[in-house]
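Please look through the following model with this briefing at hand. The points below are grouped by topic for a reader who is new to it.

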Amino acid sequence: MKELTTPLDPEEVAELEVGDPFTVSGKIFTARDAAHEKLLAEHEAGNEIPVDLGKYPCYHSGPVVNKKDGRWNIVSAGPTTSIRMEMFEPDFMDAFGTRIFIGKGGMAEDTLAALGKHGGVYAQFTGGAGSLAAASIKEVDDVFYLDELGIPEAVWLLDVEEYGPLLVTMDSHGNSLHDEVSENIEKNLEAVKSDL
Amino acid sequence: MGTMNTDRLTEKLVPAIRDSVTSLPQPTADALRSAKESADGGAAVQLEAMLEATDIGEREATPICQDTGVPTFFVEIGRSSPYVEDIGELESVFTNAVRRASEEVPLRPNTVHPLTHDNPGDNTGRHVPYIDYHMADGEDITIHYLPKGGGSENMAQLTMMTPGRGIEGVKELVLERVASMEGKPCPPTVLGIGIGGGANIAMNLAKESILRPVGERHEEPEIAELEEELTEKANALEVGPMGVGGQPTVLDVKIEYAHRHPASFPVGIIPQCWCNRRAAVSIDPDGSVEVIE
């Protein structure tokens with residue numbers, strides 16, 4: 001299994017292909033619907049973004065958190081459904097140069113095209129496996145827009161160690177495992193329906 | 001007539017809610033484990049991560065999935081229970097138990113006002129906890145808790161099917177839905193299917209059917225057979241764990257039905273994710289409260 005570290009090496013990311021499993025050590029940040037909207041609005045307004053979003057993978061996740069001894073602690077942090085962010089990701093990549101997006105369920109053609117343009121990948125973290133993700137999160141480095149967006153929607157910058165397993169399902173070469181699986185499902189559905 | 005000991009019930013419910021989000025029912029865990037044994041490729045990677053997450057959840061008493069759902073209770077009220085008159089107490093007991101569990105487990109604050117986005121932060125709100133009451137035979141009161149994630153709930157579908165399509169139409173709708181959902185409801189799923197009644201009845205039956213343990217068939221042989229057929233055919237679609245292809249796509253299919261209007265044939269489909277969490281406690285006639293699931 002490939003082990004990526006952050007800040008991400010653009011060449012290393014561009015070389016990843018559909019079907020490759022990998023882990024990430026270093027930092028990742030979370031962003032769901034509201035965080036994407038907020039970050040893009042801040043960028044549009046010319047305001048400073050508190051962290052360089054091009055260096056780290058973007059994780060589609062809204063964590064369960066609590067506070068221990070005054071410090072934030074991530075209790076569980078599995079992926080959310082990524083397709084909701086399809087409307088943001090091409091602009092997000094143009095604005096911030098983010099190269100790795102992690103979530104569940106896959107994304108569509110606009111993101112696939114943008115991944116090709118920026119040499120990026122989309123990877124799937126097993127949905128529902130929030131406790132497994134939390135086990136690889138060593139510390140909360142920082143949190144942004146917490147008061148405005150609330151816990152699940154805020155941007156959490158996290159220190160991670162061997163966060164994964166992640167499976168590349170969309171790469172920078174125009175391949176999407178989701179498209180391959182979809183075609184196979186369609187074919188199987190016809191066969192199954194003709195036998196009812 | 002007895003008087004329900006609401007404190008005792010709350011003391012049992014809080015840990016039951018904790019267990020519901022930090023562990024899986026045995027039949028679900030067994031089904032995932034046996035699926036893992038025969039899986040390969042990306043499917044095996046996904047199933048392995050699911051089992052590992054389950055182990056961590058149980059070992060560390062932390063939620064397996066960060067989406068701990070919107071609190072929903074199903075209450076079966078035994079007609080001969082001495083506590084039938086006390087049913088009105090349950091709403092405040094559930095609200096208190098949910099508030100405590102939200103802080104102590106913790107649960108993700110998941111209740112948002114649809115217009116103002118206001119989040120009370122303790123998983124309560126208008127109509128939440130949602131409580132579904134119905135009468136049943138016997139002298140126990142059984143309380144089911146179903147913390148269901150938004151990803152699988154978003155894939156729910158109601159079809160007011162043309163009655164002429166008959167049972168073949170039901171099969172087509174279910175298989176087409178499994179195909180179109182792909183990985184979004186976090187497969188391998190438990191598919192809940194409600195047939196007949198009216199629009200709301202079909203959806204409610206679909207949701208309730210999920211409470212039946214994985215592997216347990218419907219009491220009527222014709223329905224049981226349909227459940228088995230749809231399980232086999234859904235798996236032939238090869239959506240695979242988390243939609244990466246391969247086996248399995250569903251852990252089980254559950255069907256419940258009601259008699260329907262001659263002009264209507266509602267078919268409700270509600271998938272439940274692989275993280276098939278729930279809890280159940282029962283109040284005996286002597287007032288003791290047992291955790292039964």
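In chain A, the loop between β4 (64–68) and β5 (71–76) holds A:D69, strands being DSSP runs of E with at least two residues and helices runs of H or I with at least four, numbered from the N terminus. This is a predicted model, in which local features need pLDDT of at least 70 and side-chain atom pairs count only at pLDDT 80 or more, while totals for chains, interfaces and linings use all residues. Residues are numbered from 1 along each chain as its sequence is written, and chains are lettered from A and ligands numbered from 1 in the order in which they are written.

**Positive phi values**

- A:D69 is not a glycine, yet its phi is positive, at about 50°.
- A:D69 counts as exposed because it has 5 C-beta neighbours inside 10 Å (20 or more other C-beta atoms within 10 Å make a residue buried, 12 or fewer exposed, and numbers in between partly exposed, with C-beta atoms placed from the backbone).
- B:C186, in the loop between α6 and β5 (189–197) of chain B, is likewise a residue other than glycine with a positive phi, near 60°.
- B:C186 has 33 other C-beta atoms within 10 Å and is therefore buried.

**Cis peptide bonds in chain B**

- The bond from B:V105 to B:P106 is cis, with omega near -5°, and B:P106 belongs to the loop between α4 (90–104) and β2 (130–136) of chain B.
- A cis bond also links B:Q247 to B:P248, with omega near -10°, and B:P248 sits in the loop between α8 and β6 (250–260) of chain B.

**Helix contact between the chains**

**Helix packing within chain B**

- α6(B) packs against helix α8 (residues 221–236) of chain B at an angle of about 35°, with the axes 10 Å apart.
- On α6(B), B:K171, B:V174, B:L175 and B:V178 meet B:L230, B:K233 and B:A234 of α8(B).

Definitions and conventions
Axes fitted to C-alpha atoms, helices over the stretch in contact; angles between N-to-C directions. Contact = placed C-beta atoms within 7 Å.
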